[in-house]
Amino acid sequence: MAGYILKRLIAAIPVLFGLTIIVFLIMAMIPGDTATAILGSYATPENVEKLNRDLGLDKSLPQQYFIWLGNLLQGDMGRSYSLNRPVLDEVVERFSATMILAGTSLVLCSIFGLLAGVVSAVRQFGWTDKIITFLVLIGISTPSFWLGLLLILAFAVKLQLFPASGMFAIYGGGDLPDLIHHLVLPALTLSVVATGVIARLTRTSMLEVLRQDYIRTARAKGLAERKVIAKHAFKAALVNVIPVIGIQAGFVMGGAVYIETVFQWPGIGSMLVTAISTRDLLLVQGGVLFVAAAYVLFNLAADVVQTMLDPRLR
Amino acid sequence: MTEAAVSSAPKARTTARRPDSIRLLLNNSLATGGFIVLVAVALVALAAPFLPLADPDVTAPANRLMPPFSPDHFLGTDALGRDILSRIVWGTRVSLAVGLSATVIAAFFGSLIGLVAGYAAGRVDSVLMRGIDMIMAFPYILLALAIVAVLGPGLLNALYAIAVVNIPFFARNIRGITLGLSRREFVDAARLSGKSNVQILFIEVLPNVLPVIIITMSTTIGWMILETAGLSFLGLGAQPPQADLGSMLGEGRKILFTAPHVSVVPGLMILVLVMSINLFGDGVRDVLDPRLKSGVLTRPVARTTIDRKEAPSGLKPRGDAVLDVQDLRTEFHLGGTVYKAAGGVDLHLAQGECLGVVGESGSGKSVSAMSIMGLVPSPPGRIVGGAAFLGDEDLFSLSDERIRQLRGADVSHVFQDPLSTLHPLFTIGDQLTEAILAHRRITRSQARKIAEDLLKLVRIPNPAERLKVYPHELSGGMRQRICIAMALANDAKVMIADEPTTALDVTVQAQILSLMNTLRHERNAAILFITHDFGVVSAICDRVAVMYAGKVVETGTTEEILNSPAHPYTAKLIDCVPVLGEPERRLDAIEGRPPMVNNLPQGCAFADRCPKAQADCRAAPISVTEIAEGRSVRCLHPVKEGEHV
């Protein structure tokens, strides 16, 4: 198993390099002159030329890439001009906040999604199934940023159960209970769509598995139906669902952009939105690269878990 | 057999499918509902310039933040005093247009990439698909953000960004289908007829991938509307004075606490729009993708449904039998058609006896055997009549819990394909100990010891090591030995073996048969042995029951049946068996096909294929005649000793 994980990690390296190329190219494709864009009204010809030289923009594209990559590997992602601090510092700080939010949501959507899917499949065509199916449909059709606003109205304004924004209370906060208190609404909101997607797939997968011959064997052995469902059918269905949970990690991290804005969560998502408005492209670059790398690792983890569950893949 | 009965139903429907697509779609009430809402929304959005609505952009500071249901402003006004109803209608127009355009752009470029990659295959394919993989390595929304970051905020830029990040979905789906299609004969034929690659791609291949393109479009358009609304919400899409639903929601957010309706209403509109699209899209997918059509993906419940019209009061167990099946009737209900897979089957098994049940595919032999312990998939199967006595208990009137206790303990099963019948994700040891622990109150390690002994019993070398392996690591013969070991785990009185050797090599077949034969003598277990192979019958069975079209047509000892078959069908069936060293022996298959069990004739079901059939055969149902002690036949004109049919 350790060998397999190592193999997968090594296989992920080219993908990570691919990500750097794409991120670099996207930024290099900015229409117009970057230096002029950055300098704005200070764009005198001398300033433009100096900045171009400073940024290495007078070199060829591959040269620029390798210089950029070299700096990146040394932990230098440039300096954010809007915040006037190193991009890496800002991104690392923000990244952990996003991971707390996205990680919690991912756990929530996996639990709720799997549970709803299994119950729905077991009660196929029954009322429970119909209700779950309909809720799932609403879930995947709801704009999450709107749902966040509704939850703020209901639970923060009306019932005053949870805070409406932020990660910690401004006065006297900062401990774990405070964090959890702040985390409930955004994490729930963020998990809704992914829960729907996972529930749908789990239902289909369970229905598929329950028709298999080995389920008939389990029943023919005289196993209790509860065990047939919870052990034999669920494990087989889980193997199909795990990769999709990995993909959902990407949707959850992406969806965090909205949720962090709505709940003013100090994560990468809200940072990106501000950075785009202020055209702080180095910050955008750093943020995108970090989240994309995390996504690759999430998918890798999903692969590893799937392989652990399914001996045929080893 | 089950498979035959089940698979014949969708086939019958396929022919009628094309012209019925729309009706089928309308039969789905949710999809219809979605469609109606969608059309209504689209019509209102289209007719916006002609509707008596206030100008959406005219500000009126005096009327700012009026609540919903105010006079003149049904949905109230926003922070600048603009009429929300009017803004919603105009905003929906923008959102719909943007979502549709993004879908069309993504579908066009994605399908093009998919078609070219799938058709060209080889290097072109791998270069294109690596590129697509790279894009997919990014979290979806993040990539859209990066694109907007580069192009700058704006509705058109948001549209491009959303279209670009959706291209991979189309490219992947279309490429997969195209790859399969371009290896098909009609493509080769087109190539031989001198058509160019471009012609083949667009005239031959494209029409066949069109349904997939439409499915992908209908399932992604909702997403695209949501995501463009999201970008506008963040202030990166529509810029004032231009407004779509997302930007209205974003503006309303700033005054969420004082005037919630300004943000709640546009959000609700997005939900309604996206949900109607998703409902309709799911309906479209169900119609175009037959695999997902309702009824195909039904889940068999733990036990076959028992739905006997009347309690079989007249049926009593015979004294000498361990298992006595009487007048068993099992049906499959599929799309309004009833398939009578078992139409009154009688089978009985004495202690330690091996009864062979023989017949062609679809004769009902497996269904009858699987009905006994309620293992016929249900839905669509159901037991509608008869009784199965295990000792004194009628299995069809027992509780589910009692059946569970009997399964694997008193009656065990061995199935046909040992690869698909063993769970791929659990070790042999897990699966065996589980079978033991389901019926005995012992510790796990004790059960493991028993499992090891069982493996020894079925002649598996290194049993302790083998307990740790997974099914896919064993050969077919080994796997079937495991299954037999599992069937022996709790000293069952009756073992139901459903073609246990059919999936195996001939030499392995012989080993498994001799193993089963030895074990049944050692353990004095009765076996109900389902097979279509008379060679297997002669190797292991004491008695034989021949089945045809859901009924037993002849029973007797193996010797009697093989040497002097009484039913013309049995005689024909035996004639079909090739014998080594007798090449001149006629090997004619039985002419015609067995009747469909959803449309059985009144009289003898074999009459149409029978050389001895006469008028009386077709007139009325044929009853069973006892022609000797323990020997009976369902025929008015049985074959006489020495007669040839």
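Colleague: In β9(B), which residue is the bridge partner of Gly356(B)?

Modeller: Strands are DSSP runs of E with at least two residues, helices are runs of H or I with at least four, and both are numbered from the N terminus. Strand β4 (residues 354–358) of chain B pairs with β9 (residues 526–531) of chain B in the parallel sense, over five bridges; a pair needs DSSP to find at least two bridges. In β9(B), then, the partner of Gly356(B) is Phe529(B).

Colleague: Quick check on provenance: what kind of model is this?

Modeller: Residues are numbered from 1 along each chain as its sequence is written, and chains are lettered from A and ligands numbered from 1 in the order in which they are written. Local features need pLDDT of at least 70, side-chain atom pairs count only at pLDDT 80 or more, and totals for chains, interfaces and linings use all residues; the model is predicted.

Colleague: Back to the sheet in chain B. Which strands stand at its edges?

Modeller: It's an open sheet of eight strands with mixed pairing, and the order is β7-β8-β9-β4-β10-β11-β13-β12 (chain B). Two of these strands have a single partner each, so one side of each lacks a neighbour in the sheet: β7 (411–414) and β12 (625–628) of chain B.

Colleague: Helix α18 of chain B packs on that sheet. What angle does its direction make with that of β7(B)?

Modeller: The twist of the sheet averages 25 degrees from one strand to the next. Helix α18 (residues 476–488) of chain B touches β7 and β8 (494–498) of chain B; contact means C-beta atoms, placed from the backbone, within 7 Å. Axes are lines fitted to C-alpha atoms, for helices over the stretch in contact, and angles between N-to-C directions run from 0 to 180 degrees. For α18(B) and β7(B) the value is about 175 degrees.

Colleague: Now chain A. What percentage of its residues is buried?

Modeller: Chain A has twelve helices and two strands. Buried means 20 or more other C-beta atoms within 10 Å of the residue's own, exposed means 12 or fewer, and partly exposed is in between, with C-beta atoms placed from the backbone. Of the 314 residues in chain A, the buried share is 43%.

Colleague: Helices α1 and α12 of chain A pack together. Are they roughly parallel or antiparallel?

Modeller: α1 (residues 2–28) and α12 (residues 281–309) of chain A have axes 10 Å apart and an angle of about 155 degrees. Angles under 35 degrees count as roughly parallel, over 145 as roughly antiparallel, 65 to 115 as roughly perpendicular, and the rest as oblique. Therefore α1(A) and α12(A) are roughly antiparallel.

Colleague: How many nonpolar residues are in that contact of α1(A) with α12(A)?

Modeller: The residues that meet include Leu16(A) and Leu19(A) from α1(A), and Leu289(A) and Val296(A) from α12(A). Nonpolar covers Ala, Val, Leu, Ile, Met, Phe, Trp, Tyr, Cys and Pro; Asp, Glu, Lys and Arg are charged, and the others, Gly among them, polar. The contact of α1(A) with α12(A) has three polar, two charged and, for nonpolar, 16.

Colleague: Which element of chain B gives the most to the side that touches chain A?

Modeller: The contact involves 62 residues of chain B and 66 of chain A. Elements of chain B giving two or more residues include α9 (197–233), α11 (261–288) and α6 (140–151). With nine residues, the top contributor is α6(B).

Colleague: Is Thr189(A) buried or exposed?

Modeller: Thr189(A) belongs to helix α8 (residues 176–210) of chain A. Beyond neighbours within four places in sequence, its contacts are Ser144(A), Leu147(A), Gly148(A), Leu151(A) and Ile259(A). Because 26 C-beta neighbours lie inside 10 Å, Thr189(A) is buried.

Colleague: What is omega for the cis bond joining Ser378(B) and Pro379(B)?

Modeller: Most residues other than glycine have a negative phi, and most peptide bonds are trans. Pro379(B) lies in the loop between α12 (365–372) and β5 (381–390) of chain B. The bond from Pro379(B) to Pro380(B) is also cis, with omega near 10 degrees. For Ser378(B) and Pro379(B), omega is about 0 degrees.

Colleague: And what about phi at Phe125(A)?

Modeller: Phe125(A) sits in the loop between α5 (87–122) and α6 (127–141) of chain A. Phe125(A) is exposed, as 11 other C-beta atoms lie within 10 Å. Although this residue is not a glycine, its phi is positive, at about 70 degrees.

Terms used: Two residues are in contact if their C-beta atoms, placed from the backbone, lie within 7 Å.
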